[in-house]
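Here's a quick briefing to read with the model open beside you.

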Amino acid sequence: MNREVIIACDFQNKETTFEFLEKLKDEKPYLKIGMELYYREGAGLVRELKAKGFKIFLDLKLHDIPNTVYKAMKNIASLGVDITNVHAGGGIEMMRMAKKGLDEGAVGNKPLLIAVTQLTSTSAEVLKNELLIEKSLEQTVKIYAENAKKAGLDGVVCSPLEAPIIKALGLISVTPGIRLAGDSANDQKRISTPALAKELGSNFIVVGRSITAAENPLEAYRKCVAEFC
Ligand code: C5P
């Protein structure tokens with residue numbers, strides 16, 4: 001599988017998104033559309049970006065009863081997105097039904113379906129005291145990834161540092177927490193350069209501010225591609 005750089009479009013609305021995309025000139029990279037933008041602009045923006053030739057990772061992290069997730073995934077697949085995701089915490093049956101919905105609703109290529117294991121914002125304390133999970137974060141991530149595999153999913157979202165474990169399970173890893181050398185870590189705790197992510201076996205890197213907040217986003221994007229792909 002080819003390695004790809006995904007740009008996290010963490011913008012408030014369509015206008016700021018298109019202003020940013022103009023800076024990329026003729027490049028047509030993968031774009032990650034998350035809740036912030038999707039809940040403002042909806043499916044119309046996804047269709048518009050697909051029509052312009054961008055590949056889309058629709059990051060909505062579904063987590064509901066299996067039947068609801070099944071029907072929602074059918075609709076998501078009909079948008080022609082390339083990657084989408086669910087929370088592995090919804091369980092194996094929910095993930096199976098997500099995959100079924102995606103397969104049935106797909107137009108053309110089937111999108112990749114990946115699972116969020118534990119959010120990187122969940123600390124060991126929160127896991128134990130609020131989610132009441134006794135196993136360690138690492139064990140939980142591994143078991144949730146195995147569940148995703150049992151459900152027929154393609155991979156997981158994880159830190160590049162966890163990519164080797166995910167690869168050993170035969171799953172694709174989509175890894176945020178990426179910074180070009182010299183950039184600020186901002187609120188990310190465990191960061192990696194595109195080159196290190198490649199070395200660790202990541203399949204897709206998700207890069208936000210290192211590209212979107214760069215003085216020259218096109219140059220920063222090309223730098224990520226040169227290092228990672
Ligand atoms: O700007 P930055 O490169 O930190 O953006 C990373 C993107 O990846 C954001 O959209 C963030 O929500 C997302 N993400 C993350 N860590 C996860 C899952 C998603 O940073 N575990």
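Two strands count as paired here if DSSP finds at least two bridges between them. With that in hand, Ile6 stands opposite Tyr30 in β2. Keep in mind that this is a predicted model. The big picture is a closed barrel of 8 strands, in the order β1-β2-β3-β4-β5-β6-β7-β8, with parallel pairing. On average, neighbouring strands of this sheet are turned by 25° against each other, direction ignored.

**How the strands pair up**

- In general, strands of a sheet pair through backbone hydrogen bonds, in either a parallel or an antiparallel way.
- Strand β1 (residues 4-8) pairs with β2 in the parallel sense, over 3 bridges.
- To get from β1 to β2 the chain goes through α1, and this β-α-β crossover is right-handed.
- On to the next pair: β2 and strand β3 (residues 55-62) run parallel and are joined by 5 bridges.

**Strand β2, tucked away**

- How many of the residues of strand β2 (residues 30-34) are buried? The count is 5 of the 5, so the strand is largely enclosed by the rest of the structure.
- Tyr30, Lys32 and Gly34 point one way from β2, while Leu31 and Ile33 point the other way.

**Helices α1 and α2**

- Helix α1 (residues 14-22) packs with helix α2 (residues 35-51) at an angle of about 45°, and their axes are 10 Å apart.
- An angle between 35 and 65 degrees is neither roughly parallel nor roughly perpendicular, and α1 and α2 are therefore oblique to each other.
- On the α1 side, the residues that meet α2 are Lys14, Glu15, Thr17, Phe18 and Leu21.
- Their partners in α2 are Leu37, Glu41, Leu45, Glu48 and Leu49.
- Sorted by class, this contact of α1 with α2 has 5 nonpolar, 1 polar and 4 charged residues.

**Helix α4 and its Lys99**

- α4 lies across β3, β4 and β5 (112-116), and runs at about 155° to β5.
- Lys99 is found in this helix, α4 (residues 92-105).
- Is Lys99 buried or exposed? The cut-off for buried is under 20% relative accessible area, and Lys99 has 19%, so Lys99 is buried.
- Setting aside neighbours within four places in sequence, Lys99 is in contact with Leu113, Ala151, Gly152 and Leu153.

**Two lysines with positive phi**

- Lys25 is not a glycine, yet has a positive phi of about 55°.
- Where does Lys25 lie? Look in the loop between α1 and β2.
- Lys25 has a relative accessible area of 60%, which means that Lys25 is exposed.
- Lys61 has a phi near 45°, again a positive value in a residue other than glycine.
- This lysine, Lys61, lies in strand β3.
- With a relative accessible area of 24%, Lys61 is partly exposed.

Technical notes: Residues are numbered from 1 along each chain as its sequence is written. This is a predicted model: local features need pLDDT of at least 70, side-chain atom pairs count only at pLDDT 80 or more; totals for chains, interfaces and linings use all residues. Side-chain values use heavy atoms; hydrogens and water are left out. Axes are lines fitted to C-alpha atoms, for helices over the stretch in contact, and angles run from 0 to 180 degrees between N-to-C directions. Helices (H or I, at least four residues) and strands (E, at least two) are DSSP runs, numbered from the N terminus. Angles under 35 degrees count as roughly parallel, over 145 as roughly antiparallel, 65 to 115 as roughly perpendicular and the rest as oblique. Contact means heavy atoms within 4.5 Å. Ala, Val, Leu, Ile, Met, Phe, Trp, Tyr, Cys and Pro count as nonpolar, Asp, Glu, Lys and Arg as charged, and the others, Gly among them, as polar. Buried means under 20% relative accessible area, exposed over 50%, partly exposed in between (1.4 Å probe, protein chains only). A crossover is right-handed if, with the strands pointing away from the viewer, the path from the first strand over the helix to the second runs clockwise.
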